[in-house]
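Take a walk through the model shown here. Keep the sequence at hand while you read.

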Amino acid sequence: MAASHVSSEPAVALLEVHNLSKSFAGVRALKGVNLQVLPGEVHCVLGQNGAGKSTLIKALSGVHQPDSGEIRWNGEPVTLSGPTAALDLGIATMYQELDVVDGLSVAENIFLGHEDSRAGVLRVRDARRRARELLARLGHTDIAPSAEVGSLSAAGKQMVSMARALSRNARLIIMDEPSAILDVGEVANLFRVIRELTGQGIAIVYISHRLEEIRQIGDRISVIKDGSSTASSLPVEGTSRADLVRLMTGRDVAHAFPPRIPVPGAAPVVLEVQDLGLAGSFTGVSFTVRAGEVFGLAGLVGSGRSEILETIYGARRATAGTVRVNGTTLQPGSVPAAIGAGLGLSPEERKSQGLLLEEPIYRNATLSTFARFARRGLLNERREKEATRTQAAAVQLHPADPDRPARTLSGGNQQKVLLARWLLHGTKVLLLDEPTRGVDVGAKTEIYALIRNLAADGVAVVVVSSELEEVLGLADRVLVLDAGRVLATGNATDLDEHAVLDLVLKGNAQ
Amino acid sequence: TSGDESNSEPTNNSAEGNQAEGETAVIGFSGPAADHGWLGAINSAALAEAEKYPDIDLRVAEGTNDANLQISQVEQFINDQVDAIVLLPTDGAALTDVATRAMEAGIPVINVDREFSSPFAARATVLGDNYGMGVSAGTYICEQVGDNPDAVVAEIAGIDSLPLTQDRSQGFEDALAGCGLEVSNRVAADFTVQGGEAAASQLLSAAPEIDALWNHDDDQGIGVLAAIDAAGRDEFIMVGGAGSANAMREIQSGDGVMQATIIYPHTQAADGIRLARLLVQDKAMSDLVEIEVPNRVVLNAPVVTSENVEQYLPTAFES
Amino acid sequence: MRTWLGGSAGRNLGLALAVVLLCVVGAATSGDRFLNLENMLTILRYASITGVICIGMTFVITAGGIDLSVGSVMGLTTVVASLTAVQRTAGETSWLLMVAVALAVGMFAGLINGVIIAYGNVVAFMATLAMLVAARGAAELISGRRTQIVIEPDFLSVMRSNFLGVPLLIWIFALVAAAGWFLLNRTTFGRRTVAIGGNLEAARLAGIKVKRHIVWLYVLSGTTVGIAGVMMMGRTTAGTSTHGLLFELDAIAAVVVGGTLLIGGRGTIVGTVLGVLLFSILINVFTQNNLDTSVQQVAKGAIIVAAVLLQQRFAVRGTRRKGAL
Amino acid sequence: MRTWLGGSAGRNLGLALAVVLLCVVGAATSGDRFLNLENMLTILRYASITGVICIGMTFVITAGGIDLSVGSVMGLTTVVASLTAVQRTAGETSWLLMVAVALAVGMFAGLINGVIIAYGNVVAFMATLAMLVAARGAAELISGRRTQIVIEPDFLSVMRSNFLGVPLLIWIFALVAAAGWFLLNRTTFGRRTVAIGGNLEAARLAGIKVKRHIVWLYVLSGTTVGIAGVMMMGRTTAGTSTHGLLFELDAIAAVVVGGTLLIGGRGTIVGTVLGVLLFSILINVFTQNNLDTSVQQVAKGAIIVAAVLLQQRFAVRGTRRKGAL
Ligand SMILES: Nc1ncnc2c1ncn2[C@@H]1O[C@H](COP(=O)(O)OP(=O)(O)OP(=O)(O)O)[C@@H](O)[C@H]1O
Ligand SMILES: Nc1ncnc2c1ncn2[C@@H]1O[C@H](COP(=O)(O)OP(=O)(O)OP(=O)(O)O)[C@@H](O)[C@H]1O
Ligand SMILES: [Mg+2]
Ligand SMILES: [Mg+2]
C-alpha cells in the first residue's frame, strides 16, 4: 500500500506536511494536517472560517512552531525556526492581513528584510529599478516604486505584497486569500501572474473562499475541517462543487442565492440619495431604495463604493447633495443622526472598524443600543445578554455564548455579530460593505439568507461587494460605478457579470 | 511642651557636659529631595553630625519635594513616637499642620531653613537669613561698583517658586536701592549646574556689558562659571551664594570673575539635630546663660572674599 | 459579575500578592511599628490624594489617552482656591466656595485638555504635556510664587475630621474609588470609555459621540484633580504652585502597574487602588527601615519593572483560563 | 530624494515657518541683540545637548517606543565619567577614557532598557520610567550627591574649541544629526526602524529580528545620551546627578513637535532639529526680553499645542497633495 502510494506520485514533492498539529493555549487549531505540494502546481487549500488554514500556512512560513508532525522540503525534513528560515528555503508568503508598512515606499516595502544594501547602506537606485521590474511583471507600471505605500489603495498594497513574495525568488509562494480584496479585473490579473509563475516551475499554495476561482486556477485541492485534513490532493477536474462543500462543512449546502421576493409597488421609499458627492472621491450619486429592497453597488476596487456608504452614513461629511431617510433630510457628517434616523452600517473592515475584539460578544452586539437597555445611565447587562442571545439565535451565531470575546469568533460569525447589532437596533436601512469578505461558503449562504429575511421584514438593504456574482445574485437593483461616477442603474436580473464589466471597461475607455 | 519641669534643674550646662553621652535620643529627620548641592550638603552634614553622637538614633525619611509625602513621613515619626523631629519642610506652610500635631503629641519639632506659618508648630527654629543674604550681596556689590550710577547689575536666581528665592531677591533689591542701583537683567535657574549654565549663557547673550552679577547658589554657580568661561567674559565681578568649597577655592585663586560669596549655612540641619538632642536630654545650650534651648536661631550670612576665605574654607561644603 | 471575577480579579491577583508580600516584608522588618492601625492610616492617608487622581487617570488611560497635566493642574487648583478663600467676604459657607472653585478650576483645565485632544486632534501626550507646563506657569503667576495659607477653620476642621475612626481623606478616596468602579463597570459612560479605548473607529461607527465623550473624560480627570486639590489643601493647610510636582508620573505608574492597559481598552479600578497602595506601602516600609533615598529610588525602579512583569504573567494566565472556558 | 522633498519637507514646512516667525519676533523685540552671530551661537550651543538626545529619541519614537530615561541616564553618565577621570592615573589620553566611559554607561543603560522592553515585553513607557527613577538613584549613590568638577584641561580645551568659528558642541550636534538622517533614511537599520514602528507584525513576518532591533534602538538612544553627557561635562565642567533633570519631556516635546509620530511609523530628523531649535530660540527670545519664567512656561505650553496643530495642518495638506498626484 505504502509502496504503491509512493510510486503513483511524481518523483519528489516540493513540500510535504505530515500530521501537523498546533495548539494555542487550549485551542487545538491543527490536529493532524497533511499536505503535499508539487513543483509548478497551484495547490488550493479549502476550509471554513477557523478551519486552520492560516495557522497551517503560518507553520509553513516559520511564524508558528508546530507542536508535532513533520515538514519535508524537497524530501528533507526541516525545522522552520522563524520567518527567515522559511524565506531562505524559498517559501514566501502573502499573509491574510495586509503586511505592508504604510510609512515606507513601495520599493522599501518590497525589499523589507532583504534590502539591497552595501554594509547596511541602501542602494536606493538599484532597489527602485528592481521594484519597477517586479511591478511591471505584475502588470502594475502605474505604481511608482518611490510612492509611499500608505497612499495606495488596498489592491495596490496587495500588489506590493505580491511583488515582495516574487522578490524573494521563492520556489513556493503561499497566498492566503489574496483575492479577498480584489475585484474581477484584479483577480484576472492575479491569475495571469500565477500562471506565469507556475510556468517557471514555482509552486503556489492558494487559499480562497471563492470556489469559482479555485475551479479556474487550481490544479489540486486539499480540504481542512476543524483542524484536520478531510481530503488531500484531490484533482480539481472531477471534484464537484458539492463534494467540496461537503468536505468542508460535513453537510450539504445548497449554494444558491435565496429567491427574490418581489417588492410591492406600494412599498415606501426609505432611502433617498440625491446628487451626493464627496470632493476627491465621487460626485452626482443618486438612487432610492424602497422598504424590502436589496440595492447593490457594483464597481471595481477603488471606485468609491465604500466611501459612498460611509458618506450616506455620516462617517464622512458630504460636500454635495442630500440623504433622506423616510423623507427627513439627514444632518451631513453625523453618525448619531444617521443611526437615529434608522441607518446601520456594517463596515468594510470588520476587525478594525466594526468590533471590539477583546470585549465579549454581547457588548459588541449592543454597542449601538446599550444605552437603550440602561436606566438612567445604569447598565442592565442581564437584559443585554438576553437580547443578544435572542439575536444570536436569529443570525445563527456559533458559538452563541454572549460572554465569549469577539476575537475568538471566525470571520463569518464576526459578521453575524455586526448584523445582530443592527437587528437589535431595529434598523430600517442597512448598509453592508463587503458582508461576506473572507467568509466561508457555509456562512456565506447563511448571511445571504439573513439579508433576504431582513428585506422581507421591510428593511432596505444596500450591499457593496467586490464579487460581482454576489451583487447581481443578491440585489434587486444594482448601481454600477466607476471612479466615483455612476455608469448605470438597473434591475439586477437585466445585468450579468459581462455586461457590468463591459460597462466599466467602456467607462474607463472614455 | 516637653521637658518643661525638668529643665528647672539644668543638667550639663557646659560644652563638655553637653557632649557627654546621655539617654538615647531617637530623632526623625526629613528634608526635601537632595536634588542640588546645598541640600545634599544639608543631608550629609546632618547624617555626619548624628554619627558623632552614640546617643543619637537618627531616622531619615526619603527626601521629597511632595508635601503630601513629607506629611506622611512626619506622621510615621509621630506614630513611632520618636523623641524629636528635625524638619526641613519642602514648603513651610504646608508642613505646619502636621508639625503642630507632632508638638501636640509631645514631640518637639525643630524647624530648619523654611519657616512654619505658626509659632506653635516648632519648639525651636534654625534659619539661614535669606533676606540677609540678598542684603549682603547687594551691599557688597554697592561697595564695588556703586560709584557708577549706570552700572549694569545682573542676577541669576535659584528656583523662582520658592519663597526663599523671593526673600533673597527682595534683600538684594533693597540693598542695591541703597546705592541707587537696580537689577537690569534677571534670570532664574533651578539650583542645578545645568540650569545655571543654561540660564547664564542666555543671560550673557542678552546683556553684552555687565558690571556685577549675583548668583544665588554656588552649585549652580559651577555652571554659571562654565558659561562665563566659555563666553570669554571677564568685564564684571561675580558674587556667589551658599558658600561651597568650590566657590571659595575660586575666590582664593583670584583669577576669575568670582570675587565673593555669601554664606548660607549648610549646617542648619546638623544644628537642628544637635538642638534636638539637647532638648531630648534636657540639656541647654552652652555659652548661653539661658537654661533652655532658644526658640529661634538665625544664622549669619557673612560675605566671603579673598581676604577671609582661609577662615571659611575648612568648614565649607563640597557640593 | 462573572466577567469581573474571571477577568479582572485573575489579573489583579498578582498585584494583590505583591501588596501582601510587601506587607510581610514590612511586618518582618519593622514588626509592630509597621503593623499597627496608626501606621496603616498613615499609609492610606498618604495614598488617598494620589489615589483620587489615579481614579480619573484610570478612565483616561482606559480610553486610550493619557493625562500628564494632573500634577500641575492640582497645584493650580490649590492656588486659585486658596486665593479665593482669602479674598472672599467672610461668611458661613465660604469654604464651600473654596471647594467649588477648586473643582471648577480642575474641570476647566480638563475641558481645555479634552477640547484640544478631541476637536484639535492633538495627541493626548502632547496636549496634556503642554497643559503641564502652562498650568505650572499660570499657578506661579497667579500666586506670585507665594504659598497661600488656608485659614478657614471650618474647612480645616471638616478636612481633619474622622468618621468611624477613619480620617475623612481616606473616606473620600474610598468613595471616589467606589464611584469610579461603579461608573466604569456599571454605567453607559464606562461602557463608552472601554469601547473608545478598545477601538475608537468601531465606537464612532456604532454611533457613540466619541469626541464629546473624550472631552468628558478629561473633564472627569480634571474633577478628580480638583478633589485631590481640596484634599491637599486640607492636609497641608496651604495652596501653592509647587503642590503636585511629578504626580503625573506616580499616577501613571500606579494605574499601569495596576493593570490598566496603556494602549487603552481595558481598565481596572481595583487594580489601580492596589497599584496606589503598592507604592504607598513601599515608601512606608522604606522609611520604617531608614533606607537611603537613592537606594529607594533604585529599588522603586526595579519594583516597577517587576510589578509590570508579574502583572503581565497573571494577566496572560487569566486570559488563558478565559480562553479555555 | 523625491520622497523626502515630497513628504517630509511638506510636513516640515509649517514648523520651519514657526521657527522663522519666532526669529522675526526676536528680531523685532530685541533687534541686534538677537540678530547677531554670538547670539545665534548661544542659541545653537544651548540646543546642541538636548538636540543630540533628540536624535536618538527620534529613532526610538519612530519605532513606536519612547525613552523617558534619557535625562537621568545622562546625569548618570556624567557622574560615572567624571569620577573615572578623577580616579584615573594621570596620562595623556585619560580624557578619552572619560568619553569612553560616558558612552559605555549610556549604552549599557540603553541595553537594559532595550532588553526589558524587547524580551520582557514591558511597555516602553513603564520600562524607561523605571530606568528614569533608578538611574537617578544610582547617580546619587555613586556620586554621594556631590558635584564632581571636571579638571581635565585637555578635555575642556577640546570641548571649548572652535572650528571655522563654530564651537565644537554645535559641530557635534550637526554631525550627530547628519549621521542620524543618513541612518534613518539611507540604511537598512533606519528603514527597518520605520517598519517596526509602522507595522511590527509585518516587520516580523519579513524576517526582521524585531526584538534584537529594538534592543539596538535603545542602545542607540543610550549612545546619544552618552554623547550628550560628554557635551554636558564640557559645557558645565561638572558631573552631577542633577544633570539632565526633566530633559525627557523637552526631548519628547521637540521630537513630536518636529513631526515624528508618537505612535511610530514615521520619523523625521529634519523636523526634530527644527523642533529643538524652536524651543531653544523661544527661551532665547524670552530671556532677551527679560520675561518672567512663569510667563515663559505658559507661552511654552501654548506654543507646543500651536506647533502640533500647525504641523498637523501642513502634514494633512502634504498628504492630500500626494494623494492627488
Ligand atoms: N494566535 C492564536 N491564538 C489563539 N488561537 C488562535 C490563534 N491563531 C488562530 N487561532 C485559532 O485557531 C483556529 C484556526 O484559525 P485560522 O486563522 O487558522 O483559521 P482559517 O482557516 O484561516 O480561517 P479564515 O478562513 O477565517 O481565515 C481558530 O479557532 C482560531 O481562533
Ligand atoms: N488611504 C487612502 N489614501 C488615498 N486615497 C485613498 C485611500 N483609500 C482610498 N483611497 C481612494 O479613494 C477612492 C475610493 O476608495 P473606496 O475604498 O471608497 O473604494 P471602494 O470602491 O469601496 O473600493 P474597495 O473595494 O477597495 O473598498 C479610490 O480612488 C481610492 O484609491
Ligand atoms: Mg485565515
Ligand atoms: Mg470598499
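The paragraphs below go from the chains to a sheet, then to a metal site and a single serine. Remember throughout that this is a predicted model.

Start with the chains. Five pairs of chains touch, and the pair with the most contacts is C and D. Chain A and chain B do not touch. Their nearest C-alpha atoms are 36 Å apart.

Now turn to chain A and its open sheet. Six strands build this sheet, in the order 6-9-10-3-11-12, and the pairing is mixed. Strand 6 (91-94) and strand 12 (228-235) of chain A are the edge strands, since each pairs on one side only. From one strand to the next, the twist averages 15°.

Look at the edge formed by strand 6 of chain A. Its partner is strand 9 (residues 172-176) of chain A; the two run in the parallel sense and share four bridges. Within this pairing, Ile91(A) stands opposite Leu172(A) of strand 9.

Helices lie across the sheet strands. Helix 9 (residues 241-249) of chain A lies across strand 3 (42-46), strand 11 (220-225) and strand 12 of chain A. Here the angle, taken to strand 11 of chain A, is about 30°.

Next comes the metal site. Which residues coordinate the magnesium ion (ligand 4)? They are Ser306(A), through OG, and Glu348(A), through OE, at 1.7 to 2.5 Å. Ser306(A) belongs to helix 10 (residues 305-312) of chain A, while Glu348(A) sits in the loop between strand 18 (343-346) and helix 12 (350-354) of chain A, so the pair ties together parts that are 42 residues apart in sequence. Their accessibility can be read against a cut-off: buried means under 20% relative accessible area. Ser306(A) has 15% and is therefore buried. Glu348(A) has 23% and is partly exposed.

Finally, move to chain B. Ser72(B) is part of helix 3 (residues 67-79) of chain B. Is Ser72(B) buried or exposed? Its relative accessibility is 4%, so Ser72(B) counts as buried. Which residues is Ser72(B) in contact with, leaving aside its neighbours within four places in sequence? They are Thr42(C), Tyr46(C) and Arg235(C). These contacts of Ser72(B) are with residues of chain C.

Technical notes
Residues are numbered from 1 along each chain as its sequence is written. Chains are lettered from A and ligands numbered from 1 in the order in which they are written. This is a predicted model: local features need pLDDT of at least 70, side-chain atom pairs count only at pLDDT 80 or more; totals for chains, interfaces and linings use all residues. Side-chain values use heavy atoms; hydrogens and water are left out. Buried means under 20% relative accessible area, exposed over 50%, partly exposed in between (1.4 Å probe, protein chains only). Contact means heavy atoms within 4.5 Å. Donors are N, O and S atoms within 2.8 Å of the metal (3.2 Å for Na, K and Ca); water is not among the atoms, so sites may look incomplete. Two strands pair if DSSP finds at least two bridges between them. Axes are lines fitted to C-alpha atoms, for helices over the stretch in contact, and angles run from 0 to 180 degrees between N-to-C directions.
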